[in-house]
Amino acid sequence: MSDTRKSPLGANPLAQDFDLKSLLKFAFPTILTMVFMGLYTIIDTMQLKNVFCISMRFLILISISVFGIAFVFGSPLVCIFSEKGAPVYEIARNGFLIFPFSFLFCGLNIFTSATFTALSNGRLSAILSFLRTFGLITLLLLTLPKFFGVTGVWLAVPIAELITLIVALIFLYQSKEKYF
């Protein structure tokens, strides 16, 4: 059975899956990883610190923007998939008042993990990636719903991202003498 979807970017249907989120999530850290590796290799710590600070400011701006957009347009977005007043609408609408908080932290976590990878510190990068994608989310999904019900499910990802950000900031602080 062949895939007959048409793509506005050509014949490849996979091109439809490319969006700004993918660009920010994968391309931005990958490009900066190469820059960091080059700067770290030639031991240009001033330039490395400069690029890192500019990148963090950019990611904070993008994170706040995405949070604002998701928070403001959450209810209209839920209306696309469910009628107002339906039980699933109420669950999703309430969730969209909680989940966007994860956008404030996830970009910085991905970037910090990529930074440690670029600086040849795979151990710290792996710890951050594990915490944000599996470890904390699993733990929080098993515990929070017992106390908060469905709201606990929605809280799991933002809390996992926040805890991971705190750990990332500790790692950055401890590593500033070595890398920056």
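What share of the 180 residues of the chain counts as buried? In this predicted model, 35% of the 180 residues of the chain count as buried. The chain is built from six helices and zero strands, so that its elements, read from the N terminus, follow the order α-α-α-α-α-α.

**The chain as a whole**

- The accessible surface of the chain amounts to about 11,200 Å², and carbon and sulfur atoms make up 72% of that surface.
- Among the contacts in the chain with a separation of 6 or more, 64% are accounted for by residues 24 or more positions apart.

**Helix α5 and what follows it**

- Helix α5 spans residues 122–148 and bends by about 55° at Leu131, and Leu131 is also one of the buried residues of α5.
- The buried residues of α5 are Leu124, Ser125, Leu128, Leu131, Arg132, Gly135, Leu136, Ile137, Leu140 and Leu144, and what covers them includes α4 (103–118) and α6.
- After α5 comes Gly149, which has a positive phi near 65°.

**The second largest pocket**

- The second largest pocket holds about 180 Å³ of space, and the residues that line this pocket are Lys49, Phe52, Cys53, Leu169, Leu172, Tyr173, Lys176 and Phe180.
- Helices α2 (45–81) and α6 (150–179) each supply at least two residues of this lining, with α6 giving the most, namely four residues.
- By residue class, the lining of the second largest pocket divides into six nonpolar residues, no polar residues and two charged residues.

**Phe180, in the segment after α6**

- Phe180, one of the residues lining the second largest pocket, has its place in the segment after α6.
- Is Phe180 buried, partly exposed or exposed? Phe180 counts as partly exposed because its relative accessible area is 24%, a value that lies between the limits of under 20% for buried and over 50% for exposed.
- Leaving aside neighbours within four places in sequence, Phe180 is in contact with Leu48, Lys49, Phe52, Thr115, Leu119, Leu172 and Ser175, and among these residues Lys49, Phe52 and Leu172 also line the second largest pocket.
- Phe180 and Met46 are 134 residues apart along the chain, while their C-alpha atoms are separated by 7.3 Å.

**Ser120, between α4 and α5**

- Ser120 lies in the loop between α4 and α5, and its phi is near 60°, a positive value in a residue other than glycine.
- Ser120 counts as exposed because its relative accessibility is 65%, with exposed meaning over 50%.

- Gly107 is found in helix α4, and it counts as buried because its relative accessibility is 18%, with under 20% being the limit for buried.
- The C-alpha atoms of Gly107 and Pro29 are separated by 9.4 Å, although these two residues are 78 residues apart along the chain.
- Ser63 has its place in helix α2, and it is likewise buried, since its relative accessible area is 5%.
- Which residues does Ser63 touch, not counting residues up to four places away in sequence? With those set aside, Ser63 touches Phe103 and Leu104.

Note on methods:
Residues are numbered from 1 along each chain as its sequence is written. This is a predicted model: local features need pLDDT of at least 70, side-chain atom pairs count only at pLDDT 80 or more; totals for chains, interfaces and linings use all residues. Side-chain values use heavy atoms; hydrogens and water are left out. On a 1 Å grid over the protein atoms alone, a cavity is a set of points where a 1.4 Å probe fits but cannot get out, and a pocket is an open set with protein on both sides within 12 Å along at least five of seven lines; lining residues have an atom within 4 Å of a point. Grid points are joined across faces, edges and corners, and a volume is the space filled by probe spheres set on the points. Ala, Val, Leu, Ile, Met, Phe, Trp, Tyr, Cys and Pro count as nonpolar, Asp, Glu, Lys and Arg as charged, and the others, Gly among them, as polar. The bend at a residue is the angle between axes fitted to the seven residues ending there and the seven starting there. Buried means under 20% relative accessible area, exposed over 50%, partly exposed in between (1.4 Å probe, protein chains only). Contact means heavy atoms within 4.5 Å. Accessible areas come from the Shrake-Rupley method with a 1.4 Å probe; for residues, only the protein chains shown count as cover.
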